[in-house]
Every structure is written in C-alpha cells, then in structure tokens.
Amino acid sequence: MVDRRRWVFALWLLVTVLLGAAAPTVFDSLAGAGWQANGSESVRTRELAEQHFGGNSAAAVQVVIHSDTATMDAPRARQIVDELTGILASDSRFGAVVAPEPGRSISPDGHTGILLAGAAANTDEMVAAVDELGPQLRAMSGDGFEIYPTGSSALWSDFNKANHDAMMKAELFSWPVTLAIMVLAFGSLVAAGLPLLLTMVGLIASAGGLVLLNQFTPISVWAMNFAMMFALALGIDYALFVVSRFRDAIRGGATPRAAVAVTMATAGKAVLLSGLTVLVSLSAVLVVPAPAVRTMAVGIMFAVTFVLLATLTLLPAVLGALGARVNAGSLPYVARQHCSVRV
C-alpha cells in the first residue's frame, strides 16, 4: 500500500466519487416501513385485503376532513371530497377511494369526515406515496377546513421525518464533541483527522451502496442510521489501534515504510479479525423475517466492510505518505510527555 499509494488514493477517490454521487439521496430513497414478519398470517391477511377489498388494509390511508363551523354536507366539504378523490384516484399506488359516509365515517355532529384511500402497493411504497402527496393534501386546508392524512402509512412517513431531523441534530452536536475527544486521545491534530477520514469514506460508500441496493430490494431508512453509528465508532476504534502503533514505530526510529509494515503485522491483524468477527456475527440477523431488522444489519455490514477496507488499504498508504508528520500539530501536553520519557 505504501509503495503503490498513488494507485490506492486513485482507487478510493474513484469509489468515493461513484458511490458519493448516490449518497445525498439516501434518506429520500430508502424505505420507510418494513416492520412486519414476512410469511406471517397478518401479512397474508393484509395482502388478501389489498386484493379483494380495494386495498382496505392496515396500509390504507385515511384523510381526515374537519371543520368547527361547517358540516360534511356543506358545498365546500363536498368540493374538498371531490378534489381529494381525484388526487388519490389518479395515483396507481392507491386502490378504492371511499368518500365519507354518514353513520360510518362521518362523526355524529357532522363536523368530521374520513375519506379512505385503499393501498394498492406494498407498505414501503405507501409510505413514499404519503411523503409525496401529504403536503399537497394538507395544503388544501382553508376556508375553515383542516385536512390531514393519517393511518399506518402516514404514521411511518411522519416518523421517518422526525427520525431524520433528530439524527441531523444529534450529529450536529456529537461531531464537535467527538473531534475534541479524538484530539485529546491522539494528541495531535493530524493524527486526530485520520479517524475522520475513515469515517467519512465509510459513510459515503455505505450511503451510496445502500441507495444502489435499494434499487433491487427495499432497504429500511434505519439501515443508514446504524451505518452512521458504526462507521463513526469503528473509524475511531480502528484508527486508534493503527495510528498509535505506527507512531510508536516512528518514535523508535523506523522508516515510514517499515513502521507501516510493523503496524499492519500487529495492529492490522487485530483490526482484520475484529472486523471479520463483527461481519460474521451480524450475518445471523439476515435470517430474521422482518425486513426492517434485516436491513439494519445490512447497513451495519456495509459500514464495517468499507471502514475495514479503508483501514487496511487507505490508512497505511496515508501513514506511509505522512511519516513523522503524523505528529504534526501535537498538543503541548503531548510534547511534554515525550520530553519526560526521553529524560
């Protein structure tokens, strides 16, 4: 890796660019539901409802129409029902559309009605349908009427948005803290940046890989959540092993090439065995019949694989190029420690 570091850098740049092109769409592309046991009686019952009852299953969408002042027999209410029916009926993902009916889906006081749109697609596609049409449906509110979709598909749509927003906030607060901890742990700014390199490569490659895999089989959005956690954790963990061993070898007078060889023969082997152990243990989760749970393991395995490959190839090449400059930007307390050891 040190001798051919230009090839290594070029290859990882190519992988990052190709997979990174798909990475920005990861949260919009991945599926939102999948919390089911494939082959179970409940899933078969839902499929029968979709086939023979106009999609009136748990995945159906209920659109609530409410007014504090008008009733469902008002002209404006009937106009809203007609507009909603036209929008939903024009989308092939929805089955039969049933307008609010007195005694069944209209409240006793007449101020609230529920329009039922059956599910003619799987649960993931129904969540995507609510993602796309939900804003348009809610935008029809006005003139004293409130309109909002609800039901299982709408619940998962809202949940995914809340999950995404919360995760972005968590990352915004956790990254500065993580960087500060890494600077203290590694003792130099350059060395502390190496775990970030592994983490970013692992995240970009994992996100792009999940988007591409989602073209063939639905992947839960949770897969990316876990990929982010494991990419960060393993990027720091593996870099700590490898970089610490490399710096010890450099301080012992070894050349950069020799230091990398010693490092990968010791810490590198430990990292390889650790990564393989994680991958083997996670493979057992792939037999779980719940798609969401199964794809969580897939997301973690993607992150582990890319971070492990980067640790065994890209990191040695970078260390070989840096040499003693890996200690650049050392903190004062680290320099004092090194002086006291030499004395």
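Predicted model: local features only at pLDDT ≥ 70, side-chain atom pairs only at ≥ 80, totals over all residues.
Four strands make an open sheet. Their order is E2-E3-E1-E4, and the pairing is antiparallel. E2 (94-98) and E4 stand at the edges. Each of these two has a single partner strand, so one side of each lacks a neighbour in the sheet. From one strand to the next, the twist averages 20°.

Strands of a sheet pair through backbone hydrogen bonds, and the pairing can be parallel or antiparallel. Side chains in a regular strand alternate between the two faces of the sheet.

How many residues of strand E1 are buried? Six of the seven are, so the strand, which spans residues 61-67, is largely enclosed by the rest of the structure. The cut-off behind this is a relative accessible area under 20%.

E1 pairs with strand E3 (residues 112-119) in the antiparallel sense, over six bridges. Within this pairing, Val64 stands opposite Ile114 of E3. His66 stands opposite Thr112, also in E3.

Strand E4 (residues 145-150) is joined to E1 by six bridges, and these two strands run antiparallel. Here Val63 has Pro149 of E4 as its bridge partner.

## Helices H6 and H7

H6 packs against helix H7 (residues 189-213). Their axes lie 7 Å apart, at an angle of about 135°. Angles over 145 degrees would count as roughly antiparallel, and 65 to 115 as roughly perpendicular. H6 and H7 are therefore oblique to each other. Their crossing is right-handed.

Which residues make the contact? From H6 come Trp175, Leu179, Met182, Val183 and Phe186. H7 contributes Leu189, Ala191, Ala192, Pro195, Leu196, Thr199, Met200 and Leu203.

## Aromatic pairs

A search of the whole structure finds two aromatic pairs. One joins Trp156 and Phe159: the ring centres are 5.3 Å apart and the planes meet at 85°, so the pair is edge-to-face. The cut-off for that label is an angle over 60 degrees. Both residues belong to helix H6 (residues 152-186). They sit three residues apart, about one turn of the helix. Phe159 is partly exposed, at a relative accessible area of 32%.

Phe302 and Phe306 form an edge-to-face aromatic pair, at 6.2 Å centre to centre and 70° between the planes. These two phenylalanines lie four residues apart in helix H10 (residues 291-322), so about one helical turn separates them.

Phe306 has 17% and counts as buried.

## Asn225 in helix H8

Asn225 belongs to helix H8 (residues 222-251). Is this asparagine buried or exposed? Asn225 is buried, because its relative accessible area of 7% is under the 20% cut-off.

What does Asn225 touch, leaving out residues up to four places away in sequence? The contacts are Phe27, Asn163 and Met167.

Definitions and conventions. Residues numbered from 1 in each chain as written. Heavy atoms only, no water. Phe/Tyr/Trp six-rings, centres within 6.5 Å; stacked < 30°, edge-to-face > 60°. Buried < 20%, exposed > 50% of the residue type's maximum accessible area, 1.4 Å probe, protein only. Pairing = 2+ DSSP bridges. Contact = heavy atoms within 4.5 Å. Axes fitted to C-alpha atoms, helices over the stretch in contact; angles between N-to-C directions. Parallel < 35°, antiparallel > 145°, perpendicular 65-115°, else oblique. Left-handed = near helix turned anticlockwise from the far one by under 90°.
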